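Dear colleague,

I am handing over a structure that you have not worked with before. Please look through it first, and then read the notes below.

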Amino acid sequence: MRDMVRQPWNVILPAAGALSILLVWQFLLPVAGVPSYIVPTPVEIGRIFARESALLWTNLWPTVQEALLGFLLGNGVAVLLAVLFVLNRYVQAAYFPVILFLNTIPVLALAPVIILIFGLGMLPKVIIAAVICFFPTLVNMIRGLESVSNNELELFRVLSATKLETLWKLRLPRALPFLFASLRIASATAVIGAVVGEWIGSDKGLGAMIIQATFNYQSGRLYAAITLCSCLAILLFLLVVAIEKVVLRYERH
Amino acid sequence: MREDRHPVAIAAEALDVGYRARSGRAVAVLQGFDLTVPAGEFLTIIGPSGCGKSTFLRAVADLLPPLTGTLKVLGGAAADARLRREVAFVFQDSTLLPWRTVLANVELPHNVGRVAARNTGPTAAELLELMGLKGFEGRYPAQLSGGQRQRVAIARALVSEPRILLMDEPFGALDEITRDRLNDELLRIWRQTGCTILFVTHSIMEAAYLGQRVLVLAANPGRVHALHDLRPLKGADGAIGREDPRLVEVMGELRRDLERC
């Protein structure tokens, strides 16, 4: 924040950049002959937000829930598994390659399977969002838990610390910066997961809205839904950053 | 200050310390090592790289089990001394936990290990005052200079009232003026607590200035090269001027030792 005050250009330039693109979009695209049923202008999209706000809100809410729950589930399981892997090398050696292999399956290919197993409710979308968050957090968390130095481990050994104490008081605090790095990424991917899940089997949510609006040539509605998806990801990201600032306050000194 | 229940702090006999290679073959870094350190002594250890200086400290701290031979710490096994918190270690990098405040770092030994809390000794706050860090309790390690961080590390080592303080090049990364000042503070702490100090260093000056005895190790394999007794020129409190000609002479001897080993 202090940097922003000292360097007003840091705010003015990005704002000017965004504004210039919006202006080109608003005034140049229609002149260039791009019809509004393909790309509606920003003003038209704004009008959709005013006119169809009730519809947008009812579809936003399920996506918010799915993304949030998926975020918590995927990252939570990843953290627990990372701890288990670091506490027991044999479990890690046995199961990490399997997870590595599963991670190579594209989420888009996996999503129908998850829908097939869990049906059409909210649960499969939560699980798809969770799957997408899971792997980067697992890898980052393992790296973080192992980022302790030899001296730190020796210090805890000289103090006769138990394995659990070393985990709580050394490994987990060391891993937190790594965890937050992947939570920042997961804040965007969780929304992607929820939307992809809704594409494949849902009649509500922003993903379902995107599919229906596309087939019905309701491009204003389509762009409004896209904007909401992006806003949701940004909000989740800012939430993660705010929590990170509190938890890792020692890093600012 | 704790009563010395045992007159010998460390006794090593025909000690081999090292590690086991994957093949199971024992690789001794330190070989046939004999040394007796009386309780309350300030012993400095100097030698070329790979002579096993740190290896010996790690054996005393029970971080590395002996391959063969016997090692007694305060009359018993190194592991028992560690479990009773009678041994503390100070590393070359301060090894402070960056997420803990200075005070919380000094209190770390009270927060881990299943050791009954001893409330007889100085508190963490008192130790910080002793180390000249009053007013820094709430700071984070990143806000301190290298010398201040090392002072915190020493306070943390002292908080469990160890009878043996193992220091592995603790001032190696500091500038000379800070190092001189910390050397004097360390001597003061040694006199106040009466604990046994094993101090590994690369500096001939530091080895001669601090030690009551100076152990010179040779490398490949690590073994005792010479043991200099400086008690006759230093008096009981270990004090000597930095430019005392006798100290300069000792430093010359140590330099010649190191060139030969």
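A residue is called buried if 20 or more other C-beta atoms lie within 10 Å of its own, exposed if 12 or fewer do, and partly exposed in between, with the C-beta atoms placed from the backbone. Because B:V106 has 28 C-beta neighbours inside 10 Å, B:V106 counts as buried.

This is a predicted model, in which local features need pLDDT of at least 70 and side-chain atom pairs count only at pLDDT 80 or more, while totals for chains, interfaces and linings use all residues. Residues are numbered from 1 along each chain as its sequence is written, and chains are lettered from A and ligands numbered from 1 in the order in which they are written.

B:V106 belongs to helix α3 (residues 102-106) of chain B, where helices (H or I, at least four residues) and strands (E, at least two) are DSSP runs numbered from the N terminus. Beyond its neighbours within four places in sequence, B:V106 is in contact (C-beta atoms, placed from the backbone, within 7 Å) with residues including B:A124, B:L127, B:V152 and B:V159. B:I154 is 48 residues from B:V106 in sequence, yet their C-alpha atoms are 8.6 Å apart in space.

Between the chains, 21 residues of chain B are in contact with 15 residues of chain A. On the side of chain B that touches chain A, the elements giving two or more residues are α2 (78-83), β5 (87-90) and α4 (108-111) of chain B, and β5(B) gives the most, with 3 residues.

With best regards

Definitions and conventions
Contact = placed C-beta atoms within 7 Å.
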